[in-house]
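Subject: Handing over a structure

Hello,

I am passing a structure on to you, and I hope you enjoy looking through it. Please open it first, and then read the notes below.

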Amino acid sequence: MIAAVRNLVVVVGFLTALTTTTMGGVSAFAPHTRLNVRTSSSSSASSSTILSMNVEKVDIKDVVKVGVIGMGRIGLVHLEAITKAPGVTPVIVSNPTISKAEKAAKQYNIPRFTDDAMEVITDPEVDAVWICSPSQYHAEQIKACAKNKKHVFCEKPIATDLSETVEAINACNEAGVKLMIGLQRRFDSNFRRVKEAVQKKEVGQPIMIKLCSRDPAPPPASYVKGGGGIFADMAVHDLDMTRFLAGLDPIDILAIGSCHIDKTIEQFDGSERYDTACCLVRYPGGIQAMVDVCRQSSFGYDQRAEVLGTEGMIQTDNVYPNTAKIYKSHYTGNADMPYDFFLSRYNEAYVTETIAFCESLVNDTPVPCTGEDGLVALIMAIAADKSAAENRWVTFREIVEQVYCISPTECQLVAGSELFPVGFRPTSKPSDLLLPDVDKLKAANAKLPKIQGLVQGWFK
């Protein structure tokens with residue numbers, strides 16, 4: 001009984017720390033930093049070594065009014081889904097080419113449009129913002145949304161830089177706004193069915209996970225140049241999917257790359273020179289995950305998943321425009337090739353993830369794909385890149401340990417530095433780099449009275 005009481009007291013102490021004042025000792029932050037997580041406003045810190053935060057829950061209204069930044073292909077897919085989601089209404093859209101914003105506003109009967117993303121973010125009527133702009137603007141726009149108390153949906157990546165990714169996530173967590181990252185394959189019906197089979201132990205305990213991702217044709221060299229390389233701009237989806245299916249955080253990775261399709265990129269730096277790559281990822285419990293990607297399949301999108309378990313296997317097939325088959329003397333099979341355009345292949349997934357965030361806003365429920373999920377996906381891609389460059393296994397903690405934060409929203413990388421900041425204590429877990437998000441705080445607050453009651457009951 002004494003042991004049980006002790007355990008309950010420990011849990012109460014942890015939850016109280018999470019929801020009130022104690023975030024000290026987060027190893028990636030500067031030494032002696034104290035984080036005061038409060039539910040009401042507080043004054044700013046009086047010392048550079050004391051971090052005082054305001055974590056305020058932003059009210060979510062019955063009808064959630066949203067703005068969308070970026071009226072390109074992805075932005076329009078999300079916008080159309082928003083117009084069909086219950087309890088949500090778009091009120092403003094933006095695009096640097098204002099004619100695109102105007103056209104979208106007219107098509108979907110939206111009252112306002114602009115060429116300035118900040119007008120969407122600062123609009124007093126807007127409760128949440130969809131960020132569908134080019135990747136280089138994501139982090140800056142996320143931080144601006146947090147500053148203006150707007151909930152955020154952002155297409156991946158949050159940023160291509162690890163420290164800036166941490167800053168952007170923490171800006172939202174500090175402001176008490178929801179942040180959802182668009183990793184759309186998690187919402188694809190085929191991949192979700194595999195996830196369901198793993199969760200329900202339909203194939204027993206997972207042993208091996210396989211993902212393949214091959215595009216119909218290579219992108220132009222101008223797209224590849226400066227895009228971060230094949231692991232960051234392509235394999236990141238598959239790496240994230242291995243974690244999604246495993247339901248665990250990975251340990252380490254071995255990756256290789258080569259060039260076979262487009263020889264014009266062969267002289268590019270780093271993994272930008274690869275159009276083909278393979279990764280082997282180790283998970284706790286000996287689970288193995290294998291990923292292969294190639295920028296050309298020659299027969300449409302070839303994107304499949306497989307999980308081998310102790311009691312069977314589940315596998316997905318490619319997605320076709322129809323189920324028609326042809327039977328001839330020299331050929332038997334599908335009448336048409338698999339989809340050859342990503343919006344056709346994943347249109348339903350994009351719509352489903354949009355509706356999922358809308359439901360989270362309307363019902364104030366946890367977002368299904370968090371900022372931490374986006375952070376870990378980036379860490380996996382960076383580790384794969386490092387592995388291919390150095391021809392060795394790379395642990396994911398190596399990547400996490402490079403981040404040093406003076407405060408949750410002021411971070412830098414210390415990789416390769418011979419002189420580390422005074423008192424720097426590296427952390428090995430991505431979650432230790434982050435403040436608790438608004439949904440975690442809400443869940444912790446909900447559990448606290450019950451656990452406190454249990455503890456009090458032991459002493460009656």
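A word on where the values come from. This is a predicted model, in which local features need pLDDT of at least 70 and side-chain atom pairs count only at pLDDT 80 or more, while totals for chains, interfaces and linings use all residues. Residues are numbered from 1 along each chain as its sequence is written, and side-chain values use heavy atoms, with hydrogens and water left out.

The chain as a whole

The chain has 13 helices and 19 strands; these are DSSP runs numbered from the N terminus, with helices being H or I over at least four residues and strands being E over at least two. Of the 460 residues in the chain, 51% are buried. The accessible surface of the chain is about 21,300 Å², and carbon and sulfur atoms account for 53% of that. Accessible areas come from the Shrake-Rupley method with a 1.4 Å probe, and for residues only the protein chains shown count as cover. If you take the contacts (heavy atoms within 4.5 Å) between residues at least 6 apart in sequence, 69% of them join residues at least 24 apart.

On the α6 side the contact is made by L162, T165, V166 and I169, and on the α11 side by G371, E372, L375, L378, I379 and I382.

S387 is buried, with a relative accessible area of 0%. Leaving aside neighbours within four places in sequence, S387 is in contact with I253, L254, A255, R392 and V394.

Backbone details

The loop between β7 (151-155) and α6 holds P157, and a cis peptide bond with omega of about -5 degrees joins K156 to P157.

Two residues other than glycine have a positive phi. D364 has a phi near 55 degrees and lies in the loop between α10 (342-363) and α11. N391 has a phi of about 55 degrees and is found in the loop between α11 and β17 (394-395). D364 counts as buried, at 16% relative accessibility, whereas N391 counts as exposed, at 62%.

Salt bridges

Side chains of opposite charge can pair when their charged atoms come close. The structure holds 28 salt bridges, each being a side-chain nitrogen of Lys or Arg within 4 Å of a carboxyl oxygen of Asp or Glu.

E196, the residue from the opening question, forms a salt bridge with K200, and the closest N and O atoms are 2.7 Å apart. K200 counts as exposed, at 54% relative accessibility.

In helix α11, K386 and E390 are 4 residues apart, so about one helical turn separates them. K386 forms a salt bridge with E390, with the closest N and O atoms 3.0 Å apart. K386 is partly exposed at 23% relative accessible area, and E390 is partly exposed at 37%. E390 also forms a salt bridge with R392, where the closest N and O atoms are 2.7 Å apart. R392 counts as partly exposed, at 28% relative accessibility. Elsewhere, salt bridges that share partners join R186, D240, R243, D249 and D373 into one network.

A patch on the surface

Finally, have a look at I207, L308 and M313, which form a nonpolar patch on the surface with about 230 Å² of accessible area together. Patches are made of residues with over 30% relative accessible area and no salt bridge, joining like charges within 9 Å and nonpolar side chains (Val, Leu, Ile, Met, Phe, Trp, Tyr) within 5 Å. I207 lies in strand β9 (residues 206-214) and is partly exposed, with a relative accessible area of 35%.

Terms used. Buried means under 20% relative accessible area, exposed over 50%, partly exposed in between (1.4 Å probe, protein chains only).
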